[in-house]
Amino acid sequence: MLAGQRGVGKALRLSELRKLHVPTGRLVLFGRAERTATWPYALLQEPAAQALAFLEPRGLADAFLERHALALSVLVPALQATAVAPAARDKTAFLEALRAFLVDLAKVAPPTLLLADLHAADDAARAAVRFLA
């Protein structure tokens with residue numbers, strides 16, 4: 001955990017940490033909360049997109065999209081049209097799907113998840129982080 005006063009550069013340090021580790025082949029996912037976000041789980045959207053981008057050149061993205069449709073359709077707005085709508089509204093089902101996605105991702109490359117400005121995240125995203133912790 002990286003803590004400090006507002007404006008001292010915590011998010012910048014996390015972003016720099018990610019940039020240092022990505023060339024080493026490590027899977028480092030970075031998400032940043034925005035107070036203006038209106039989408040549930042907004043904090044986790046960018047890390048989900050980064051994970052898919054990591055899987056794509058390895059030929060694994062399509063398999064992950066199929067196997068983890070529930071979690072990814074909630075986290076990736078472009079996939080909303082393919083969402084399993086009733087299941088997506090079930091918070092417990094989504095959290096379990098998110099956990100399963102991360103467990104399968106870890107089998108390919110153990111991810112490091114860096115989250116900035118968690119205090120500004122929506123309630124759903126904070127609940128997901130607590131669930132995953």
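Me: What percentage of the 133 residues of the protein chain count as buried?
Reply: This is a predicted model, in which local features need pLDDT of at least 70 and side-chain atom pairs count only at pLDDT 80 or more, while totals for chains, interfaces and linings use all residues. Residues are numbered from 1 along each chain as its sequence is written, and side-chain values use heavy atoms, with hydrogens and water left out. A residue is called buried under 20% relative accessible area, exposed over 50% and partly exposed in between, with a 1.4 Å probe and protein chains only. By that rule, the buried share of the 133 residues is 36%.

Me: In what order do the elements of the protein chain run from the N terminus on?
Reply: Helices (H or I, at least four residues) and strands (E, at least two) are DSSP runs, numbered from the N terminus. The protein chain has 7 helices and 2 strands. Written from the N terminus on, the order is α-β-α-α-α-α-α-β-α.

Me: How many bridges join strand 1 to strand 2, and which residue of strand 2 is the bridge partner of L29?
Reply: Two strands pair if DSSP finds at least two bridges between them. Strand 1 and strand 2 run parallel and are joined by 6 bridges. Strand 1, residues 27-32, is largely enclosed by the rest of the structure, because 5 of its 6 residues are buried. As for L29, its bridge partner in strand 2 is L113.

Me: Which element gives the most residues to the lining of the largest cavity?
Reply: On a 1 Å grid over the protein atoms alone, a cavity is a set of points where a 1.4 Å probe fits but cannot get out, whereas a pocket is an open set with protein on both sides within 12 Å along at least five of seven lines, and lining residues have an atom within 4 Å of a point. Grid points are joined across faces, edges and corners, and a volume is the space filled by probe spheres set on the points; the largest cavity holds about 70 Å³. Its lining includes L29 and L113, and helix 2 (45-55) and helix 6 each supply at least two residues. The element that gives the most, with 3 residues, is helix 6.

Me: What is the make-up by class of the lining of the second largest pocket?
Reply: The second largest pocket has about 270 Å³ of space and is lined by 15 residues, with R6, G7, R32, D117 and H119 lying nearest its centre. Helix 1, residues 10-21, gives the most to this lining, with 3 residues. By class, the lining has 5 nonpolar, 4 polar and 6 charged residues.

Me: Is D117 buried, exposed or partly exposed?
Reply: D117 is found in the loop between strand 2 and helix 7 (123-132). Although D117 is not a glycine, it has a positive phi of about 60 degrees. Its relative accessibility is 23%, so D117 counts as partly exposed.

Me: Is Y41 buried or exposed?
Reply: Y41 lies in the loop between strand 1 and helix 2, and it has a positive phi of about 65 degrees although it is not a glycine. Because its relative accessible area is 8%, Y41 is buried.

Me: Which residues is H68 in contact with, leaving aside its neighbours within four places in sequence?
Reply: H68 has its place in the loop between helix 3 (61-67) and helix 4 (69-75), and with a relative accessible area of 5% it is buried. Contact means heavy atoms within 4.5 Å. With those neighbours left aside, the residues that H68 contacts are A97, A100, F101 and D104.

Technical notes:
Ala, Val, Leu, Ile, Met, Phe, Trp, Tyr, Cys and Pro count as nonpolar, Asp, Glu, Lys and Arg as charged, and the others, Gly among them, as polar.
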